[in-house]
Amino acid sequence: MASLGPYPPTHWAASGKMNRLCNSMEPRVMDDDMLKLAVGDQGPREEAGQLAKQEGILFKDVLSLQLDFQNLSFNNIEAIEGLDALVNLEDLSLFNNRITKIDSLDSLVKLQVLSLGNNQIGNMMNIIYLRRFKDLRTLSLSGNPIAEAEDYKMFICAYLPDLVYLDFRRIDDHMAKLAEMKHQYSIDELKHRENLIQARLEDEQARREELEEHKAAFVEHLNGSFLFDSMYAEDVEGSKLTCLPGVSELLEAYKDKFVIICLNIFEYGLKQQEKRKVELDTFNECIHEAIQENQEQGKHKIAKFEEKHLLSLSAIRDESELTKLEKKIVEYSGDITELFNVLMTLEMQLVEQLEETINMFERNIIDLVGLFIENVQSLMAQCRDLENHHHEKLLEISINTLEKIAKGEFDEDLPDDVRSLFVDKDTIVNAVGASHDIHLLKIDNREDELVTRINSWCTHLVDKIHKDEIMRNRKRVKEINQYIDHMQNELDNLECSDLID
């Protein structure tokens, strides 16, 4: 069974089956057009179907789908593909096609029923792929070369232990137990490999989630030596100079101090991100409470009005004297106007309250962002100071080396590409200077990236909050007007009817 969003539940299954004059047909490709045709053909009828066609059917809403026959032709599908959007699909039939391999179903994590009968699947290893579908309970593979294998049923029962039905027959407990015993060793090895793969996938997912948290704090890759390493990744000349006496020790001390500053930025960034989150959560809670309280007041006013409303309409209908009738209509019309004024007053009060709250939040979040930027820039300045100090020391070692080489007092062997830097003072000074420039540029770029991104985040956040409030207000005013218009129209229609009578 399946349901499409607002549409009533309906059966999405093959609606037309044709004669199998198929083997001579060209293979077909599974694409969006085929899926749309099949889903539309197998979808709801009458009013629900018309709504689906008008508003569009979301593939994620499809729970059951058969791609064995269509109204126009036999599918003749050779490969499974193009089903990624059917994330909630529970029942899939690809019966009677030319499929040779079971794959490309990874996104169908809710799959319970899979029919692949009468295809060309011959490799038993296809069954291993199906182990990932934890909800799979019904499988049909009859009519495939694989089904002719002597160990066919035993293999499937062993490797898919949660399967309940195979080829339209229930798997009995005795068969399942025999299959488990027969393939126990292989299954244990497979489970071990699967556990290793699962652990690796979970680690990768955890790292991705952690990276996203760091990005949200604008300090990704600052919890280590990444920035420092990137400074030397493109620094050819600087890398050459590490073989000079004393430079390796100098570089190691420089890196240790640099990484400590990066870690300080990282830890500070996470703390500030938490403060911004608390600020935003508190703001959203205040907004929600204010709107909810205002809505409750509005509902109370409307409830009191509607109590009187029924009595007023009844009194107008029962009044036979024209003068009194007109007076009651005027009074009731006044009640409607008064309700409108009350509701609009409540809305204006809410607008003012929310505007004050939004402005306060805007000031607070801008202050938090400004403080964060100021402190990060101060820490980045310390990185530049370290770089400047390192540059001075490296230049000093390089000049001393040049003088020793010129005097013939330098006894250590240097690679040819390094020795070529010491032909004269300008060459070595330029090489050290180029290295220094690359390092400073990397530091500047990382600082600029952080500042730009957090400022952009702040601007977009505040803009969205203001726009959301404008849309909320417009929607509320529209609701009030529609309700009041409905009340007034009801009175006008009653007035016309009574005056005619």
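Contact here means heavy atoms within 4.5 Å. I keep that in mind for the packing below. The model I am reading is predicted.

**Entry 1: helix H4**

I looked up helix H4, which covers residues 152-159. Six of its eight residues are buried, so the rest of the structure largely encloses this helix. I noted the buried ones by name: Tyr 152, Phe 155, Ile 156, Cys 157, Ala 158 and Tyr 159. Next I asked which elements the buried residues of H4 pack against.

**Entry 2: Asn 119**

I then went to Asn 119, in the loop between strand S3 (113-115) and H3. Is Asn 119 buried or exposed? Buried means under 20% relative accessible area. Asn 119 has 5% relative accessibility, so I count this residue as buried.

I checked what its side chain reaches. A polar atom of the Asn 119 side chain lies 2.9 Å from the backbone oxygen of Leu 94.

**Entry 3: the largest pocket**

I looked up the largest pocket and wrote down a volume of about 410 Å³. Its lining has 13 residues, and nearest the centre lie Arg 132, Lys 134, Glu 194, Ile 197 and Gln 198. H3 and H6 are the elements that give two or more residues to this lining. Which element gives the most to the lining? I found that H6 does, with eight residues. By type, I counted six charged, five nonpolar and two polar residues in the lining.

A general point first: in soluble globular proteins, nonpolar side chains tend to be buried together. In this model I found a largest nonpolar core of 42 residues, where Val 219, Tyr 254, Phe 258 and Ile 265 have the most contacts inside the core. Helix H7 (226-233), helix H9 (247-318), helix H10 (322-407) and helix H12 (425-500) each supply at least two of its residues. H10 has the largest share, 14 residues.

I followed up Phe 258. Not counting residues up to four places away in sequence, Phe 258 touches Leu 227, Phe 228, Met 231, Cys 383, Leu 386 and Ile 443. Apart from this core I noted another, of 37 residues, including Ile 80, Tyr 152, Ala 179 and Ile 187. Tyr 152 is also one of the buried residues of H4 from my opening entry.

Conventions. Residues numbered from 1 in each chain as written. Predicted model: local features only at pLDDT ≥ 70, side-chain atom pairs only at ≥ 80, totals over all residues. Heavy atoms only, no water. Buried < 20%, exposed > 50% of the residue type's maximum accessible area, 1.4 Å probe, protein only. Helix = DSSP H or I, 4+ residues; strand = E, 2+ residues; numbered from the N terminus. 1 Å grid on protein atoms, 1.4 Å probe; cavity = no way out; pocket = protein on both sides within 12 Å on 5 of 7 lines; lining within 4 Å. Points joined across faces, edges and corners; volume = space filled by probe spheres on them. Nonpolar A, V, L, I, M, F, W, Y, C, P; charged D, E, K, R; others polar. Polar contact = N/O pair within 3.5 Å; in protein donor to acceptor, adjacent residues only side chain to side chain. Core = buried A, V, L, I, M, F, W, Y, C linked by side-chain atoms within 4.5 Å.
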